[in-house]
Amino acid sequence: MAAHSRGATPVPPDARPRLTVLSGPSGVGKSTVVAHMRKAHPEVWLSVSATTRKPRPGERHGVQYFFVDDGEFDKLIANGELLEWAEFAGNRYGTPREAVQDRLAAGEPVLLEIDLQGARQVRESMPDAQLVFLAPPSWEELVRRLTGRGTEPPEVIERRLEAATTELAAEPEFDVTLVNTSVEGVAQELLTLMRVV
Ligand SMILES: Nc1ncnc2c1ncn2[C@@H]1O[C@H](COP(=O)(O)OP(=O)(O)OP(=O)(O)O)[C@@H](O)[C@H]1O
Ligand SMILES: Nc1nc2c(ncn2[C@@H]2O[C@H](COP(=O)(O)O)[C@@H](O)[C@H]2O)c(=O)[nH]1
């Protein structure tokens, strides 16, 4: 099944987007889509963020995230080591700057999977970045996915859904919207937008 896009793809045919940002409400399926895409295309480089969130079962330091405490996160900010950072649902998350810059300098496509606040910061600091919004097929399906994942207690789900209303309202700020009806379809669309295939 194909993914649905809203709006024309804004990428000029002769340009290779150098930095792509994938955002969307918690539970919409960003990590699932990116994992699917990278299974077939391991050459797509995904930035590993730093976070103060505690690891979920199975998550490993340096793979899904660099898990740091508040003091370490403060130092990353103070030393200018983060390209962007934000507080989301009670934890802080940020993109390590140097690794992104190294990849861009090497001419490789770079993917960031970050929240709306981070996407806005990247838009400011790197106006050439391509901002992609991943939308759920419906609010009910978003709630189903976030709850069904089973990784957060009800009060955290509540906070994330509260943030989701703000994030969904910000969809028009993005260059393109992909509706996550099919993981395979969205992964394919993302590869096309990144000019990987
Ligand atoms: N197209 C889809 N159809 C049905 N279920 C899906 C689809 N895409 C993802 N899911 C499921 O939705 C749940 C949330 O997905 P995922 O963890 O990838 O979301 P996320 O956007 O990365 O969330 P967060 O921002 O909280 O990290 C998972 O259980 C995943 O298997
Ligand atoms: N602004 C940033 N947001 C980030 C970053 N890394 C992840 N995220 C976003 O946080 C939420 C919650 O993630 P979870 O793993 O706790 O479910 C989600 O929207 C991520 O996309 C980052 O470096 N900067």
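A residue counts as near a molecule if one of its heavy atoms lies within 4 Å of that molecule. The model is a predicted one, and the values below are computed from it.

Around ligand 2 there are 16 residues, and those that come nearest are Ser49, Arg53, Tyr65, Glu84 and Tyr93. Sorted by class, this shell holds seven charged residues, five nonpolar ones and four polar ones.

Individual atom pairs give more detail. An oxygen atom of ligand 2 has a polar side-chain atom of Arg56 at 2.7 Å. A polar side-chain atom of Arg160 also lies 2.7 Å from an oxygen atom of ligand 2. On the nitrogen side, a nitrogen atom of ligand 2 is 2.7 Å from an N or O atom in the side chain of Asp115. Taken alone, ligand 2 exposes 520 Å², of which the protein buries 95%. Ligand 2 sits in the largest pocket. Two elements give two or more residues to its shell, namely β6 and β7, the latter covering residues 91-96.

In one of them, the rings of Phe73 and Trp85 have centres 6.0 Å apart and planes at 75°, so the pair is edge-to-face. The reasoning rests on a cut-off: planes over 60 degrees apart count as edge-to-face. Phe73 belongs to helix α2, residues 70-78, and Trp85 to strand β6, residues 82-88. The two are twelve residues apart, and the pair links distant parts of the chain.

The other molecule to consider is ligand 1. What surrounds ligand 1, and which residues are closest? The shell consists of 15 residues, with Ser26, Lys30, Ser31, Thr32 and Arg149 the closest. Seven residues of this shell are polar, five are charged and three are nonpolar.

A polar side-chain atom of Lys30 is 2.6 Å from an oxygen atom of ligand 1. Gly29 takes part through its backbone: one of its polar backbone atoms is 3.0 Å from an oxygen atom of ligand 1. For a nitrogen atom of ligand 1, an N or O atom in the side chain of Asn180 lies at 2.9 Å. Ligand 1 taken alone exposes 640 Å², and the protein buries 75% of that.

Where is ligand 1 placed? The space it takes is the largest pocket, which was also stated above as the site of ligand 2. The elements giving two or more residues to the shell around ligand 1 are α1, residues 30-40, and α5, residues 139-149. Helix α1 gives the most to this shell, with three residues.

Conventions. Residues numbered from 1 in each chain as written. Chains lettered and ligands numbered in written order. Predicted model: local features only at pLDDT ≥ 70, side-chain atom pairs only at ≥ 80, totals over all residues. Heavy atoms only, no water. Polar contact = N/O pair within 3.5 Å; in protein donor to acceptor, adjacent residues only side chain to side chain. Areas by Shrake-Rupley, 256 points an atom, 1.4 Å probe, with all protein chains shown as cover. 1 Å grid on protein atoms, 1.4 Å probe; cavity = no way out; pocket = protein on both sides within 12 Å on 5 of 7 lines; lining within 4 Å. Sits in = over half its atoms within 2 Å of the grid points. Helix = DSSP H or I, 4+ residues; strand = E, 2+ residues; numbered from the N terminus. Nonpolar A, V, L, I, M, F, W, Y, C, P; charged D, E, K, R; others polar. Phe/Tyr/Trp six-rings, centres within 6.5 Å; stacked < 30°, edge-to-face > 60°.
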